[in-house]
Every structure is written in structure tokens, then in C-alpha cells.
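Please open the model in a viewer and keep the selection tool at hand.

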Amino acid sequence: MMTNNVDALAGEARLARALSIITRSGGDLILLTRDIVRGIIADLFAQTVIWTAGSAEGLHRLPVTARLGLVVATVWRIQFYLDALADGMSELACFIDG
């Protein structure tokens, strides 16, 4: 009977290790998505600063449609990464739920 208890404890330890790996993977996924989205937003902000500086100095400017297109493309990219994050977290939740 003691052998069964030892085997059960070893199985519980493996299960706890697997859950910790899944939890850490979820945290890493969130951090990676955050870093990617921050980079995308920083790029858009830099473009906005360039547009503003260029228009103040009277330099060649992109048409408004091109600017709006860049903003829309950036929003789509952010939405794509957030959807991928939600899908990844759902998959990890399925592993936890069994």
C-alpha cells in the first residue's frame, strides 16, 4: 500500500511540474505579445513624429490616404497579435482543464 502512495505522489509531482510549465508558457506568451505590440506602437509613433516634423518644415508629405492606410495596417497587425494571444491562452487553458 505504501508503494501506491509513493507512486501517487510521484505522479502528482509530475502533474505539478507540467502545470508550472504551462503557466510559465502562458506568461511568456503574454510578455512576447506585449513586446511585439509595443514595438508596433512605437513604430507608428515614430512615423507620426516624422509626419508632424515634415509638415511643420513644409517637406514632402505622404498623402492623408497613405497615412490612414498605415494606421489601419498597424491596427490590423495589433489585432492579429491579440487574437493569436487569445487563441494561445485558450489552448493552454484546454491543457489545464484536461
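A salt bridge is a side-chain nitrogen of Lys or Arg within 4 Å of a carboxyl oxygen of Asp or Glu. This is a predicted model, in which local features need pLDDT of at least 70 and side-chain atom pairs count only at pLDDT 80 or more, while totals for chains, interfaces and linings use all residues. Residues are numbered from 1 along each chain as its sequence is written, and side-chain values use heavy atoms, with hydrogens and water left out.

**Stop 1: the salt bridge**

Select arginine 34 and aspartate 35. These two residues form a salt bridge, and their closest N and O atoms are 3.5 Å apart. The structure holds one such bridge.

**Stop 2: the whole chain**

Colour the chain by secondary structure. The protein chain comes to two helices and zero strands; helices (H or I, at least four residues) and strands (E, at least two) are DSSP runs, numbered from the N terminus. Helix H1 covers residues 2-57, and helix H2 covers residues 64-97. Of the 98 residues in the protein chain, 14% are buried. The chain exposes about 7,700 Å², of which carbon and sulfur atoms supply 67%; accessible areas come from the Shrake-Rupley method with a 1.4 Å probe, and for residues only the protein chains shown count as cover. A contact means heavy atoms within 4.5 Å. Among contacts in the protein chain with a separation of 6 or more, 81% are between residues 24 or more positions apart.

**Stop 3**

Select threonine 33, which lies in helix H1. Is threonine 33 buried or exposed? Threonine 33 is buried, because its relative accessible area is 7%. Leaving aside neighbours within four places in sequence, threonine 33 is in contact with Tyr81, Leu82 and Leu85.

Move on to valine 37, also placed in helix H1. Valine 37 counts as buried, at 14% relative accessibility. With residues up to four places away in sequence not counted, valine 37 touches Ile78 and Tyr81.

**Stop 3: threonine 74**

Threonine 74 sits in helix H2 and is buried, with a relative accessible area of 7%. Which residues does threonine 74 contact, leaving aside its neighbours within four places in sequence? They are Ile40 and Leu44. A polar atom of the threonine 74 side chain also lies 2.8 Å from the backbone oxygen of leucine 70.

**Stop 4: the aromatic pair**

Select phenylalanine 80 and tyrosine 81. The structure holds one aromatic pair, and in it the ring centres of phenylalanine 80 and tyrosine 81 are 5.6 Å apart with the planes at 70 degrees, so the pair is edge-to-face. Rings of Phe, Tyr and Trp (its six-membered ring) pair if their centres lie within 6.5 Å; planes under 30 degrees apart count as stacked, over 60 as edge-to-face and the rest as tilted. Phenylalanine 80 is exposed, at 55% relative accessible area, whereas tyrosine 81 counts as partly exposed, at 26%.

**Stop 5**

Select alanine 86 in helix H2. Alanine 86 is partly exposed, with a relative accessible area of 41%.

**Stop 6: a nonpolar patch**

Finish with Leu15, Leu19 and Ile96, which form a nonpolar patch on the surface with about 250 Å² of accessible area together. Patches are made of residues with over 30% relative accessible area and no salt bridge, like charges being joined within 9 Å and nonpolar side chains (Val, Leu, Ile, Met, Phe, Trp, Tyr) within 5 Å. Leucine 19 lies in helix H1 and counts as partly exposed, at 33% relative accessibility.

Note on methods
Buried means under 20% relative accessible area, exposed over 50%, partly exposed in between (1.4 Å probe, protein chains only). A polar contact is a pair of N or O atoms within 3.5 Å; within protein, one must be able to donate a hydrogen and the other to accept it, and residues adjacent in sequence count only if both atoms are side-chain atoms.
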